[in-house]
Amino acid sequence: MASYINHPLLKKDAIESRLYQQILAGDVLKKGNTMVVAPTALGKTIVAILVAADRLHKVKNSKVLVLAPSKPLAIQHEESFKEFITLPCTSITGAVKTDERIKRWEESRIISATPQTVESDLLNGRYDLSNVSLIVFDECHHGVGSYSYVYLASRYVQESRFNLILGLTASPGSDKFKIKEVCENLYIQNIVVKTEDDVDVKPYFNPVEIDWVKVKMSSELQKIKEYVDKALKVRLKALKNMGIIKTVSVNKVDVLKARGRVQGEIARSTNPDKELFQAISILSAVINLQHAQELIETQGVQTFNKYISRLRKKRTKAAKSLMWDDNFSRAVKLARDAEKHGWEHPKLREITKILKNELGDNGQTKLTTSRFDDKSDETASKIIVFTQYRDTLEMIHQKLEKEGIKSAKFFGQAAKDGEKGLTQKQQKAIIKSFRMGEYDVLLSTSVAEEGIDIPAVDLVVLYEPVPSEVRMIQRRGRTGRKRTGRVKVLITEGTRDEGYYWSSIRKEDRMKNQLIDPDVLEELNASAVERMEGEKKVKVIERPKKDNDFPVVYADSREGNSKVIRHLSEMEIDVKVRSMAVADYQVSDEVAIERKTAKDFVDSIVDKRLFKQAKELSEEFKHPIIILEGDDLYTGMINPNAIRGSMASIAIDFGISIIPTRNSQDTAAMIKRIAVREQEGERTPIQIRTDKKPVSLMEQQLFIVESLPNIGPVNAKNLLLHFGTVSNILNASESDLQEVEGIGKKTAKDIRKVLDSKYLYFKNEIKEKKLL
């Protein structure tokens, strides 16, 4: 008979008593900030719930913040906490309006949220973390670089009066330095590892059986690949002769490093040798060819042909040189013929065979028996197929449809190559249909690896292995939740598939060894403790009750993902995030700042945005500034003289000052210094530009007329042409207005109503105050 955990804040008979979960929760509460590393389906969320219940019970009136990297996962956590804990729970994501987010934060004790949303709210001063007694970072391996987890951990340690941090992950990574970075960034002092081999875990863990299915390349594919190989070899020999690479036996990483070296040499030279630009073009072609190789080896001719179609549209020298190459042209022709004849990659036949074997004659998934059950499960098992590319996803989907296998395509929200992504609503509908059995198979890209509430899956098929141990573990973790899990991985013999397979195996073994190595753990923990003690010495900026005690900086909402706003918020600066029509930052009526990274500056020269933005800045502000951030300005493919010429034009033709900074922190410090200088003495409110102001007389006239009811640019122009002046329009009667083409009786009446009605500001203000 099952026993359950009793706690004042837990619902009765809700959480089954599992010793290992209670020990994990106890370790967190006893030892402090902890990362729990455990396979999927071992109940890491339950550990978080147990820790949360204890903190909420002991730290009166405090809150628990649970962070997850995606909206679906945040909502999933909200549902889990509601299921087990008696206190009010809610979720906060970007889909929730600002006022509602504030209300939810104030009224709830447990908040599940996406980190970007919480960061935005904190930067806008909507709430703070002072009374949060526990913060949970789910999928905590994301806590690197500029990801929001990093900022929120630092902010939490400084603001909270009683902080405790819990990180949850199934795969922190194989790189010791990355694990160390995560621990440092999230102030992790203790790492606890649970594996399927632990004695206390085994009774609750369903093993996952992995089957590596090997296939051989067809002769048709082999012939296509031979021509691609020849085109690649010619270019690699040329690079070797130029001294760019030492050997023609190079992989993708080697090529990227070589390109970086060449770009660095271009950046250091005042007058770069033309051969360097030629080398960059050849290296780009090599990268394209290596990708083409991979598609032929591991995906199929349809995916290869779609890539070629996109390559044709590119206007770069590298792309054009490939289209003119005899060997590559032959490969393209053979691939086109192969698709016409229906010659598929053997993986496509194999995956069809696997799925047919899993499906019954009536199109329903076969019932499976768990080795841990006395009888078969009465629910049909489910299958998910993972692949890297949307093109391959479409290819598999078409094949399964022909074979009468009902499948659903599942991919991300981002648009790609002109194809729209799936909205969150569409994703939910697909998952619901899959759960209800409307589809036999879910075909997914990496979007379903984590953060999506996928139902329990009995078979996972990987169309190709992935070299990342994190992604391999995440994909594998989609099965084995309710019964013995099964994974089948398709591998093309003698190709990079085999290399990716061994790479993921080695990395996973290395990760496990590092996580149980006492010396490594001691080093990681010592580093985290040192950083936490240093952070505690940082004085928390208490915002003044009086307005304008600190300099004010208005930041455009599109800068929300940059580190600059984070750094400004840590300084004695009152940051206000607004939607701005021109510039990224504004510090006075006359001074606005456009921030550009070195890469963005170069890109904006290429796509011709730079001079348009410069024109708008100079027209809107008396003293416009461009901050140029980073020291890698000349590392791209554009000639340095073109960059210098653009900078000279910005400064001389548009009168815009260009200020260089090293990084985002330096940029924030510079913006602060400009704000302090501009706002010295008596302060006056800053009029931010939410709309671009009209410049010419004609534009101003159109601007005024377009502000009238139901008047757009066409009608505004017609009115001015008919009446001659703005004054005549304002004095025109309803009948006079109706003489103009496009102005009907209702529009004329609305215009006169706005012009003739008394301004009732005072009465409306009184009315609003009464309502409040």
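How near do the axes of helix 2 and helix 3 come, and at what angle do they cross?

1. The model is predicted, with local features requiring pLDDT of at least 70 and side-chain atom pairs pLDDT 80 or more, while totals for chains, interfaces and linings use all residues. Residues are numbered from 1 along each chain as its sequence is written, and side-chain values use heavy atoms, without hydrogens and water.

2. The axes of helix 2 (residues 44–58) and helix 3 come within 11 Å and cross at roughly 55°. Axes are lines fitted to C-alpha atoms, for helices over the stretch in contact, and angles run from 0 to 180 degrees between N-to-C directions.

3. The contact (heavy atoms within 4.5 Å) involves Thr45, Ile46, Ala48, Ile49 and Ala52 of helix 2, and His77, Ser80, Phe81 and Phe84 of helix 3.

4. An open sheet is formed by 7 strands in the order 3-4-2-5-6-1-7, with parallel pairing. Strands pair if DSSP finds at least two bridges between them; helices (H or I, at least four residues) and strands (E, at least two) are DSSP runs, numbered from the N terminus. Strand 3 (89–92) and strand 7 (190–193) each have a single partner strand, so one side of each lacks a neighbour in the sheet.

5. Strand 5 (residues 132–138) and strand 6 (residues 165–169) run parallel and are joined by 4 bridges. Val136 stands opposite Leu166 in strand 6.

6. Helix 3 (residues 71–84) lies across strand 2 (63–67), strand 3, strand 4 (110–113) and strand 5, at about 175° to strand 3.
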